[in-house]
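Me: I would like to go through a protein model by question and answer. Please show the sequence and structure.

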Amino acid sequence: MTWKIIQAIINGILNGGVYAVVAVGLTIVYGVMKMINFANGEFLMLGMYFTYLLYGLTGWNCYALIPLVVIAMSVFGFVVYKLVIERIIGRDSTTYIMVTVGLSYFLINLSQIIFSATPVSVPSDIKTSSVTFGSYSASLPRLIAFLAACLLIFITWLFMQKTYMGRAMRATSEKPEVAQILGINTKVAFTVAFVLSVILAGVAGLLLTPIYTIYPSVGSVLKTTGLMIVVLGGMGSIPGALLGGVIVGVVEALVGTLISANLGPAGIFAVFLIILYVRPQGIFGKKGRVA
């Protein structure tokens, strides 16, 4: 029993790292734009399809395709921002929800028209490989995804904390009007925040291609999980997204191993409700002033 628990924790931590990358993209958009993006899971799905297409064109290992996927997702994210998101900046939260939910369904159906509903996969030599640590093992694709996810999250945190654009984005998230008075171009800050979130979702999709098959609605489950992690870790907190992702991954693995695989989501919701009951603002969230 002890072996099963420790092995489940290892698997959960590895899964949680990838969940965290999805959540960080949502966190950045909410932190800067105060917008919850319900199409984020579909951006992850498109990252997987871009990887599939680029593999067919180049024959490269999926991890070697990261720069190309980043470029593709950057262009796609910029186009979506200009055509859709920029037009609703400053509107109420209901508008954000309706537009991004509509965008989500549009991308799912567009992908189904282009690629069909038949699942596809990206061939990989390491798909079934594992790394052993004494009596325990870790799936090599999941281990690589976890390490890459941690690196991406660290780079994103450095960008937000140490660069001029990152500081401008944080200032915009606090008070857009004051940031404009101080000479910050808030339109650029909004654009960078959205495109960065799309890039993170796309790279997360690439990291998942050796693990999951690809089909138009593959991002739907991860989208729900990502939103839960953002709330759990604290809205707008990058460290909170990482910790929240790990917590969700471990709880899901433990419940799935010890009770039933079908009850993993129920376990996540139970822990989610308990943590929010104790800390309604999330683990790293800040309490807002009532008056």
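Me: Which residue in the turn of the hairpin formed by strand 1 and strand 2 has a positive phi?

Reply: This is a predicted model, in which local features need pLDDT of at least 70, side-chain atom pairs count only at pLDDT 80 or more, and totals for chains, interfaces and linings use all residues. Residues are numbered from 1 along each chain as its sequence is written, and side-chain values use heavy atoms, with hydrogens and water left out. Strands (E, at least two residues) and helices (H or I, at least four) are DSSP runs numbered from the N terminus. The hairpin leaves 2 residues between its strands, and the turn residue with a positive phi, about 65 degrees, is G134.

Me: How many bridges join strand 1 to strand 2?

Reply: Two strands pair if DSSP finds at least two bridges between them. Strand 1 (residues 130–133) and strand 2 (residues 136–139) run antiparallel. V131 is placed opposite A138 of strand 2. The number of bridges is 4.

Me: Where does S116 lie?

Reply: S116 is not a glycine, yet has a positive phi of about 75 degrees. S116 is partly exposed, at 31% relative accessible area. Its place is the loop between helix 4 (93–115) and strand 1.

Definitions and conventions
Buried means under 20% relative accessible area, exposed over 50%, partly exposed in between (1.4 Å probe, protein chains only).
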